[in-house]
Amino acid sequence: QVQLVESGGGFVEAGDSLRLSCVASGRTFSSYLVGWFRQAPGKEREFLTRIAWNDGSTYYANSVKGRFTISRDNAKNTVYLQMNNLKPEDTAVYYCAARVYGNVDWNAWGQGTRVTVSS
């Protein structure tokens with residue numbers, strides 16, 4: 001059973017940066033992908049990015065490419081989401097999730113951390 005706990009959300013102004021953390025526990029993650037999603041009020045959950053735990057390879061949605069960076073610290077079992085040049089439209093609850101490499105479904109989710117960006 002994989003447990004994920006996000007932190008680092010908050011209230012910032014447009015143009016600011018924020019780094020979210022996702023601490024993973026419960027098993028060995030070498031065969032996992034860890035991703036970040038967000039859900040804005042009244043909108044569907046949106047995939048942002050993911051990282052492969054074993055080799056660190058990454059993939060980004062076009063909506064955040066160039067502004068957001070995903071990284072991991074194996075020693076701390078933590079995945080980060082560095083968000084730069086934040087915009088009001090980035091306001092959302094941000095979730096990390098995990099799935100086994102090769103599977104389709106993201107079957108482990110954190111509780112979410114809220115990010116609010118004022119204009």
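Modeller: Rings of Phe, Tyr and Trp (its six-membered ring) pair if their centres lie within 6.5 Å, and planes under 30 degrees apart count as stacked, over 60 as edge-to-face and the rest as tilted. This is a predicted model, in which local features need pLDDT of at least 70 and side-chain atom pairs count only at pLDDT 80 or more, while totals for chains, interfaces and linings use all residues. Residues are numbered from 1 along each chain as its sequence is written, and side-chain values use heavy atoms, with hydrogens and water left out.

Colleague: How many aromatic pairs does a search of the whole structure find?

Modeller: The search finds 5 aromatic pairs. In one of them, the ring centres of Phe 37 and Trp 106 are 5.3 Å apart and the planes stand at 80°, so this pair is edge-to-face. Phe 37 belongs to strand β4 (residues 32-39) and Trp 106 to the loop between β9 and β10 (108-109), so that the pair links distant parts of the chain, 69 residues apart. Strands are DSSP runs of E with at least two residues, numbered from the N terminus.

Colleague: Are Phe 37 and Trp 106 buried or exposed?

Modeller: Phe 37 and Trp 106 are both buried, a word that stands for under 20% relative accessible area, with exposed over 50% and partly exposed in between (1.4 Å probe, protein chains only). Another edge-to-face pair is formed by Tyr 95 and Trp 109, with 6.4 Å from centre to centre and 80° between the planes. Here too distant parts of the chain are linked, since Tyr 95 is in strand β9 and Trp 109 in strand β10, 14 residues apart. Tyr 95 is buried at 15% relative accessible area, whereas Trp 109, at 33%, counts as partly exposed.

Colleague: Which residues do ring pairs link into a cluster?

Modeller: The cluster consists of Phe 37, Phe 47, Tyr 59, Tyr 95, Trp 106 and Trp 109. Trp 109 also has a charge over its face, because Arg 45 lies there at 4.3 Å from the ring centre. The rule asks for NZ of Lys or CZ of Arg within 6 Å of the ring centre and within 35 degrees of the ring normal.

Colleague: How many salt bridges are found in the whole structure?

Modeller: There are 3 salt bridges, each being a side-chain nitrogen of Lys or Arg within 4 Å of a carboxyl oxygen of Asp or Glu. Arg 38 takes part in a salt bridge with Glu 46, where the closest N and O atoms are 2.8 Å apart; Glu 46 is partly exposed at 27%, while Arg 38 is buried at 8%. Arg 38 also meets Asp 90, again with 2.8 Å from N to O. Asp 90 lies in the loop between β8 (78-83) and β9 and Arg 38 in strand β4, so this bridge ties together parts that are 52 residues apart in sequence.

Colleague: With which residue does the side chain of Arg 67 meet in a salt bridge?

Modeller: Arg 67 meets Asp 90, at 2.8 Å from N to O. Arg 67 is in the loop between β6 (58-60) and β7 (68-73) and Asp 90 in the loop between β8 and β9, so parts 23 residues apart in sequence are tied together. Arg 67 is buried at 13%, and Asp 90 is buried at 0%. Through shared partners, salt bridges join Arg 38, Glu 46, Arg 67 and Asp 90 into one network.

Colleague: Which residues have the most contacts inside the largest nonpolar core?

Modeller: They are Trp 36, Met 83 and Tyr 94, in a core of 30 residues. Such a core is a set of buried Ala, Val, Leu, Ile, Met, Phe, Trp, Tyr and Cys residues joined through side-chain atoms within 4.5 Å. At least two of its residues come from each of β3 (18-25), β4, β5 (46-52), β7, β8, β9 and β11 (113-118). A second, separate core of 5 residues includes Leu 33, Ala 52, Ala 97 and Trp 106.

Colleague: Where is the disulfide, and which residues does it join?

Modeller: The structure holds 1 disulfide, a pair of cysteine sulfur atoms within 2.5 Å, and it joins Cys 22 to Cys 96 with 2.1 Å from S to S. The link is right-handed, with 70° about the S-S bond. Cys 22 in strand β3 and Cys 96 in strand β9 are 74 residues apart, so to read this pair is to see distant parts of the chain linked. Both cysteines, Cys 22 and Cys 96, are buried.

Terms used
Helix = DSSP H or I, 4+ residues; strand = E, 2+ residues; numbered from the N terminus.
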